[in-house]
Amino acid sequence: MPVTGKAPFALLASIALLGSTAVIPVTPGFGQDAPASQAQSPARASWEAADPAMEKFLDELIAKMTLEEKVGQLTQLTSDWESTGPTMREGYKNDIRAGRVGSIFNAYTAEYTRELQRIAVEETRLGIPLLFGYDVIHGHRTIFPISLGEAASWDMKAIELAARISAQEASAEGIHWTFAPMVDIARDPRWGRVSEGAGEDTYLGSRIAEANVRGYQGDDLSRPDTILATAKHFAAYGAAEAGRDYNTTDMSMRRLNDVYLPPFKAARDAGVATFMTAFNELNGIPATGSKMLLTDILRDQWGFNGFVVTDYTSINEMIPHGYSVDLAQAAEQAINAGVDMDMQGAAFLDHLKELVESGRVSEETVDTAVRRVLEMKYRLGLFEDPYRYSDEARQKATLYRPDFLEAARDIARRSMVLLKNEGDTLPIAATARSIAVIGPLADSKTDMIGSWSAAGDRQTRPITPLQGIRERAGDGVTVTYAKGASYAFEDGDKTDGFAEALAAARNSDVVVAVMGERWDMTGEAASRTSLDLPGNQQALLEQLVATGKPVILVLMSGRPNTIPWAADHVPAILEAWYPGTQGGYAVADVLFGDYNPSGKLPMTFPRNVGQVPIYYNADNTGRPYTPDVHGQKYRSRYLNTPNEPQWAFGHGLSYTSFAYSPVTLSSDTIRPGQPLTASVTVTNTGARDGEEVVQLYIRDLVGSVVRPVRQLKGFEKIALKAGESRTVSFTLTDADLAFTRADNSFGSEPGAFKLWIGTSSDDNGQEADFTLTQ
Ligand code: BGC
């Protein structure tokens with residue numbers, strides 16, 4: 001059953017209690033000036049094309065609607081089905097019947113959506129079809145690796161395919177709209193929701209945002225196997241202070257503009273149909289009430305034409321934030337800021353009519369929002385055939401298609417990151433006659449699909465690593481399984497499973513320890529102050545290594561963990577994330593060398609939580625620390641730990657090796673309109689075929705504001721046969737060098753730059769210098 005963590009009842013009750021009649025004057029976005037736009041000419045998706053017939057249809061329909069019916073279109077409620085959170089209203093079917101709801105979420109299957117749709121179409125005055133939304137995040141039935149894992153593939157085709165398949169499955173079950181992709185930049189692994197996004201980097205995150213939008217929406221929204229995507233959570237939710245979910249975000253407009261907003265802008269330019277607001281406040285204004293975000297930036301600067309939905313009861317939450325005195329005021333602030341649809345809060349449902357009647361909200365504002373919502377229903381073809389997504393035959397033919405399962409396996413292995421491989425411990429040698437498979441995640445179906453796995457089956461379908469290893473090892477190899485340890489926080493001191501696990505290890509040629517976090521230790525409301533292996537896993541791992549057998553650690557987790565001991569003492573470490581329905585096969589493919597790992601970290605792995613936040617594209621200090629120069633007391637450093645992370649952003653090994661030639665530049669200067677090409681020849685110098693993610697970073701040496709020490713500006717994943725070479729070229733224009741300058745304008749600045757092309761963000765191997773001139 002999907003767990004869609006929601007505000008507890010108690011919280012909602014307290015929100016209700018806070019209601020009062022006093023009204024505070026509203027000045028949405030007061031004190032927040034939007035930073036300058038990042039691009040001047042917004043792109044247009046095919047669904048944004050002018051459609052006079054649609055405009056006429058919408059004009060006529062809206063003219064017929066009562067104010068109550070309009071408010072209904074701006075109201076989204078959860079079904080009671082498989083919802084783990086509170087339902088704000090009893091009898092949502094009655095709400096549908098009365099035209100009080102325009103969208104339902106957490107309802108799927110062709111049969112169920114058809115039943116609800118029938119009520120909307122046949123039993124309401126105007127027969128406006130419902131829009132069904134759902135959290136299809138990394139798969140619908142066939143589950144792919146968690147989003148952070150997908151990001152680690154750096155494989156845009158794979159990510160697009162995962163979204164495409166998700167859309168095919170979800171749309172066959174009546175779903176029109178997914179609340180994905182989450183494009184929040186996340187630099188703090190304590191935050192549990194890092195698992196749902198693309199990691200710490202703006203450039204990579206932007207490319208992934210586009211790939212996802214393409215995958216879900218395709219290029220034609222009127223096709224019944226495409227669904228609306230959502231760019232969420234707008235904005236800066238990933239920067240919650242101390243990594244505690246829902247916490248305050250306070251940041252400079254420059255950082256917002258340069259680091260946190262670009263993936264949203266990329267989603268918008270890729271034609272994303274909807275945006276979701278965030279739970280957090282940003283610089284004092286809750287995102288759901290932020291006119292700066294929802295109107296000044298999203299509409300006025302970016303020209304966004306879709307609609308904006310709130311996060312789950314986030315209008316109501318402006319009361320505990322201390323931004324709204326009661327729900328009426330919260331509703332007023334939200335819609336006047338630019339919200340179109342209220343998810344689950346019933347704030348619009350209960351207050352919008354009176355707000356219009358009293359003149360606090362104009363009917364024009366309501367009409368604009370209604371039109372945006374109805375337009376999406378129209379573009380999806382729902383006015384033509386409201387049941388086109390609720391097709392039982394298609395559902396039967398689509399779910400868990402063999403090619404989907406094959407793709408899930410392939411994407412899972414592409415997502416895995418080989419963190420360490422001393423002495424070629426991996427792949428497992430063909431001579432190994434016995435393998436001990438140990439750990440709480442080795443045979444746990446429940447954990448395989450991670451959090452936010454929508455309608456994924458947690459009980460029967462997932463293939464565990466144990467099963468994958470058993471099937472691959474075949475009859476000639478003895479595979480012994482012992483759970484051995486527990487990831488439960490409360491089991492930290494227990495040792496009861498150790499003896500069995502150690503005996504299995506001693507009797508085997510190789511030990512595969514599958515350890516990490518329980519699936520729900522990441523995701524929403526799953527922040528941690530320790531990133532260590534939870535429970536008694538660390539203790540068992542140390543004893544396994546002490547047996548003297550070669551130990552391979554397969555880490556399953558939804559965030560960077562801190563495993564400094566393992567980094568020093570375990571010869572081989574593979575980050576497998578939560579790899580999805582076919583994950584166990586994918587793990588076996590990598591362990592036995594049937595697939596040569598090619599994933600790269602989308603997030604820095606710290607040594608310990610005290611280094612957090614730690615990310616590769618930081619600014620330089622005035623007292624930078626250089627480890628190889630001694631006697632540097634008054635430097636920016638820790639006394640007890642190196643500054644460097646355990647593993648840098650972009651890191652990931654292969655079973656083969658790659659050599660990079662020196663960089664050649666087409667010119668040592670870039671002029672506006674005159675790009676520069678940087679090329680490098682990469683050679684597979686090992687004995688196996690493999691894939692490499694070639695990464696290009698730059699540094700702007702001096703700016704009107706301090707510039708990051710390194711920024712990713714390009715990457716390409718290439719496949720090279722053993723011994724093969726390929727030249728990879730990147731084109732850089734002055735637009736790639738743009739940032740929010742000291743005067744808050746957006747653009748590049750002439751001056752000197754450094755450029756690196758290499759295998760990771762900490763690869764200093766191949767560098768070059770160039771200048772930007774005017
Ligand atoms: C989450 C959103 C999600 C929504 C609907 C919220 O709790 O923050 O990401 O889309 O619930 O389930």
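Domain bounds here come from an automatic or database domain assignment. For the protein chain, that assignment gives domain 1 (9-29 + 656-772), domain 2 (66-136 + 175-394) and domain 3 (412-593). Colour these three ranges separately; the C-alpha centres of domain 1 and domain 2 lie 30 Å apart.

The model is predicted, with local features requiring pLDDT of at least 70 and side-chain atom pairs counting only at pLDDT 80 or more, while totals for chains, interfaces and linings use all residues. Residues are numbered from 1 along each chain as its sequence is written, and side-chain values use heavy atoms, with hydrogens and water left out.

**Stop 1: the ligand**

Which residues come nearest to the ligand? Of the 15 around it, they are D135, R193, H233, D311 and E524. The shell comprises seven nonpolar, two polar and six charged residues. In this classification Ala, Val, Leu, Ile, Met, Phe, Trp, Tyr, Cys and Pro are nonpolar, Asp, Glu, Lys and Arg are charged, and the others, Gly among them, are polar.

Next, display the polar contacts, meaning pairs of N or O atoms within 3.5 Å; within protein, one must be able to donate a hydrogen and the other to accept it, and residues adjacent in sequence count only if both atoms are side-chain atoms. A polar side-chain atom of D311 lies 2.6 Å from a ligand oxygen atom. For R193, the distance from a side-chain N or O atom to an oxygen atom of the ligand is 2.7 Å, and for a polar side-chain atom of K232 it is 2.8 Å. The protein covers 100% of the 310 Å² of accessible area that the ligand has on its own, by the Shrake-Rupley method with a 1.4 Å probe.

**Stop 2: K232 and D135**

Because K232 lies in strand 5 (residues 230-234) and D135 in the loop between strand 3 (131-134) and helix 6 (147-152), the pair ties together parts that are 97 residues apart in sequence. Helices (H or I, at least four residues) and strands (E, at least two) are DSSP runs numbered from the N terminus. Both K232 and D135 are buried, where buried means under 20% relative accessible area, exposed over 50%, and partly exposed in between (1.4 Å probe, protein chains only).

**Stop 3: further salt bridges**

By the same rule the count comes to 50 salt bridges. Select R414 and E691, whose closest N and O atoms are 2.9 Å apart in a salt bridge. R414 belongs to helix 16 (residues 402-415) and E691 to strand 21 (residues 690-700), so that distant parts of the chain, 277 residues apart, are linked. R414 and E691 are both buried.

Then move to D491 and K494, which form a salt bridge at 2.9 Å, N to O. D491 counts as buried at 13% relative accessibility, whereas K494, at 42%, counts as partly exposed.

**Stop 4: two loop residues**

Is N561 buried or exposed? With a relative accessible area of 1%, N561 is buried. N561 lies in the loop between strand 15 (551-556) and helix 21 (564-569), and its side chain reaches the backbone oxygen of L531 at 3.1 Å.

Finally, select A50, in the loop between helix 1 (9-17) and helix 2 (52-64). A50 is exposed, with a relative accessible area of 75%.

How values were computed:
A salt bridge is a side-chain nitrogen of Lys or Arg within 4 Å of a carboxyl oxygen of Asp or Glu. A residue is near a molecule or strand if one of its heavy atoms lies within 4 Å of it.
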